[in-house]
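Please look at the sequence and the structure before reading on.

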Amino acid sequence: MGDLKLLTVEALRGEAECPVRTIRRLENGETKRPQLETVVRLCVALSLRWRLGEALLVRCGWVLRAGVYEDEVLRYVLEHCTDMALAEVRALLQGWGIYLL
């Protein structure tokens, strides 16, 4: 398993394309259920492997549902793409005609 990335909030903002305010609200428990794509972008930015990413999703109130197209795509990203930059993941998905994240 790869090493967990340790990033400053500002670096995480850049990597995940997520506002600092959103990250701070998550840190402080002020946001109970952030958008699903936001959580997946954070998982990619932090290089969280599937089990850690899944745990973060659950903590944020999300469960990826089998058979739901968008959820299956996000599961694929968490299982196979967390060693990539978000822009690379987005380009891969767009190459398949998928416009998420």
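Where does glutamate 17 lie? Glutamate 17 is in the loop between H1 and H2. The model discussed here is a predicted one.

## Two positive phi angles

Although glutamate 17 is not a glycine, its phi is positive, at about 50 degrees. Its relative accessible area is 43%, so glutamate 17 counts as partly exposed.

Serine 47, also a residue other than glycine, has a positive phi near 60 degrees. Serine 47 belongs to the loop between H3 and H4. With a relative accessible area of 13%, serine 47 is buried, because the limit for that class is under 20%.

## H1 against H2

The crossing of H1 past H2 is right-handed.

On the H1 side, the contact is made by Val9, Glu10, Leu12 and Arg13. H2 contributes Val20, Ile23, Arg24 and Glu27. By class, this contact holds 4 nonpolar and 4 charged residues, and no polar ones.

## H3 against H5

H3 (residues 36-45) and H5 (residues 69-80) have axes that come within 10 Å and cross at roughly 15 degrees. Angles under 35 degrees count as roughly parallel, and therefore H3 is roughly parallel to H5. Their crossing is left-handed.

From H3, the residues Leu36, Val40, Cys43 and Val44 meet Asp71, Leu74, Val77 and Leu78 of H5. The contact of H3 with H5 has 7 nonpolar residues, 1 charged residue and no polar ones.

## The largest nonpolar core

The largest nonpolar core has 29 residues, and the members that touch the most others are Val40, Val77 and Leu101. Helices H1 (9-16), H3, H4 (50-59), H5 and H6 (86-95) are the elements that each give two or more residues to this core. H3 supplies the largest share, 7 residues.

Two of these core residues, Val40 and Val77, also take part in the contact between H3 and H5. Leaving aside residues up to four places away in sequence, valine 77 touches Val40, Val44, Thr82, Val89, Leu93 and Leu101.

Definitions and conventions. Residues are numbered from 1 along each chain as its sequence is written. This is a predicted model: local features need pLDDT of at least 70, side-chain atom pairs count only at pLDDT 80 or more; totals for chains, interfaces and linings use all residues. Side-chain values use heavy atoms; hydrogens and water are left out. Axes are lines fitted to C-alpha atoms, for helices over the stretch in contact, and angles run from 0 to 180 degrees between N-to-C directions. Helices (H or I, at least four residues) and strands (E, at least two) are DSSP runs, numbered from the N terminus. Angles under 35 degrees count as roughly parallel, over 145 as roughly antiparallel, 65 to 115 as roughly perpendicular and the rest as oblique. A crossing is left-handed if the near helix is turned anticlockwise from the far one by less than a right angle, and right-handed if clockwise. Contact means heavy atoms within 4.5 Å. Ala, Val, Leu, Ile, Met, Phe, Trp, Tyr, Cys and Pro count as nonpolar, Asp, Glu, Lys and Arg as charged, and the others, Gly among them, as polar. A nonpolar core is a set of buried Ala, Val, Leu, Ile, Met, Phe, Trp, Tyr and Cys residues joined through side-chain atoms within 4.5 Å. Buried means under 20% relative accessible area, exposed over 50%, partly exposed in between (1.4 Å probe, protein chains only).
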